[in-house]
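Dear colleague,

Please find the sequence and structure below. My notes on them follow directly after.

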Amino acid sequence: MSAAERFIHEALEVIIDEAVKKATDVQEKVCDWQSPEKLRELLDLELKDGGESDSKILQHCKNAIRYSVKTSHPRFFNQLFAGLEPYSMVASFITEAVKTSLYTYEVAPVFTLMEDAVLKKMMELIGWDEGGDGIFNPGGSMSNMYAVNLARYRFCPDIKEVGLYNAPRLVMFTSQEGHYSISKAAALLGLGTKNVYAVPSDDRGKMIPSALEEKIELARSEGAVPFFVNATAGTTVFGAFDPVDEIADICERHSLWLHVDVTDSVAWNPHKMLMACLQCSAFLIKDKTSLLQRCHSAKASYLFQQDKFYDVSYDTGDKSVQCSRKPDAFKFWLMWKALGSSELERRVDRALAMARYLAQTVKKREGFHLLMKPEYANVCFWYVPPALRGLPDACSGLLQVAPVIKERMMKTGSMMIGYQTHGDKPNFFRMVVINPQVSKQDLDFVLDEIHSLGKDLR
């Protein structure tokens with residue numbers, strides 16, 4: 001066995017022990033919190049002229065895992081991803097070992113065909129019986145940027161070559177609960193964040209269709225040209241679903257590109273509810289006229305020669321704004337192969353059932369108050385310490401309760417949950433129950449631990 005092979009074997013043992021076994025053990029900490037100053041010392045970050053021994057490198061590996069947040073832990077509820085997915089993890093190992101880039105069939109034949117198969121199946125599930133087009137990319141934010149760029153290109157094809165100089169003032173619309181990546185896309189693409197019109201949402205976080213109509217008319221009265229609407233299926237905070245059918249009718253009347261709905265384009269992130277390893281995100285469009293390729297192609301002659309000996313339609317790299325692109329679809333393909341569609345469906349059902357259980361339990365617990373009935377996996381609630389219960393100004397006191405409890409849970413390492421304010425609502429916990437491996441006992445523990453960590457607050 002070569003030295004390289006021996007090191008890889010030893011490193012894989014560390015990964016199995018530290019990042020798989022311990023990281024998913026409910027008896028272990030979710031995180032081993034250290035201040036940035038202390039962590040900098042513990043990690044020995046200095047890079048030197050000389051190399052270090054394999055034993056020292058393995059210790060660095062152990063330290064990297066030890067001091068990282070264990071997002072696969074059953075009591076990690078902080079983000080919209082969680083849990084351990086073994087098949088997707090193995091696929092990640094393979095893509096790193098094979099070390100290829102997904103731009104041409106000649107350099108990535110296997111993963112090119114796998115991506116094509118996964119995209120076609122996803123389109124089928126969306127309901128696009130006649131197919132469409134798509135690409136895997138680094139996250140939902142990038143998918144949203146693709147949608148904005150394609151919509152603009154369809155509306156003003158000359159922008160690709162002549163830029164914004166002769167273009168009208170283009171504006172787009174998203175709900176006030178929509179993802180911040182829409183504003184980032186506007187900034188990155190030169191549209192300007194002031195040309196993103198925030199559409200009011202109702203008290204459950206859903207876009208109000210009549211308010212969208214009003215915003216479109218307002219934009220036109222200001223001399224602007226509407227071209228794009230972003231609808232959300234599961235908002236970041238409340239997990240709300242916009243009324244897509246009504247929004248789609250409005251977009252059709254005004255000839256606007258609708259992102260999310262089956263009308264034009266969809267962002268789908270298997271690394272969230274379906275537990276694929278990060279990153280695993282697909283952007284899909286219903287268009288079959290090569291819009292994705294026409295919008296982004298640069299026709300690099302050293303990659304995309306048109307006189308190759310095989311069908312060059314399999315060279316998908318010119319659809320992408322990237323050059324190098326990881327074969328992320330394999331992480332979803334292998335998992336899907338292993339589990340089948342039925343088990344993926346059951347995973348989602350189990351996670352949503354656990355979210356409903358948590359909401360029902362919160363309603364029954366003294367000192368806990370549900371913000372609203374959850375529509376999805378996001379359960380938002382307040383914890384009111386005994387000293388604040390029944391006080392007329394309890395809301396002002398609640399502002400500091402969640403931040404203090406969050407600090408304490410992080411420093412003990414017992415669990416991890418997010419919190420935030422929203423409008424005039426004081427800080428509340430936003431708990432995302434997206435991991436189907438979570439049990440009722442885990443959820444009961446969370447509420448017990450919140451009370452234990454916060455019962456002395458006043």
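Is K272 buried, exposed or partly exposed? K272 counts as partly exposed because its relative accessibility is 28% (buried is under 20% relative accessible area, exposed over 50%, partly exposed in between, with a 1.4 Å probe and protein chains only).

This is a predicted model, in which local features need pLDDT of at least 70, side-chain atom pairs count only at pLDDT 80 or more, and totals for chains, interfaces and linings use all residues. Residues are numbered from 1 along each chain as its sequence is written, and side-chain values use heavy atoms, leaving out hydrogens and water.

The unreviewed UniProt entry places "modified residue: N6-(pyridoxal phosphate)lysine" at K272; UniProt positions follow the numbering used here, feature names are shortened, and annotations may be inferred rather than shown by experiment. K272 lies in the loop between β7 (265-268) and β8 (281-285). Helices (H or I, at least four residues) and strands (E, at least two) are DSSP runs numbered from the N terminus. Apart from neighbours within four places in sequence, K272 contacts L80 and I434 (heavy atoms within 4.5 Å).

An open sheet of 5 strands has the order β1-β11-β12-β10-β9, with mixed pairing (two strands pair if DSSP finds at least two bridges between them). Its edge strands, β1 (76-77) and β9 (368-370), each pair on one side only. Strands β11 (residues 416-422) and β12 (residues 425-432) are antiparallel, paired over 4 bridges. The bridge partner of H422 is K425 in β12.

Helix α14 (residues 440-454) packs on the sheet and touches β1, β9, β10, β11 and β12. The direction of α14 makes about 30° with that of β10 (axes are lines fitted to C-alpha atoms, for helices over the stretch in contact, and angles run from 0 to 180 degrees between N-to-C directions).

Kind regards
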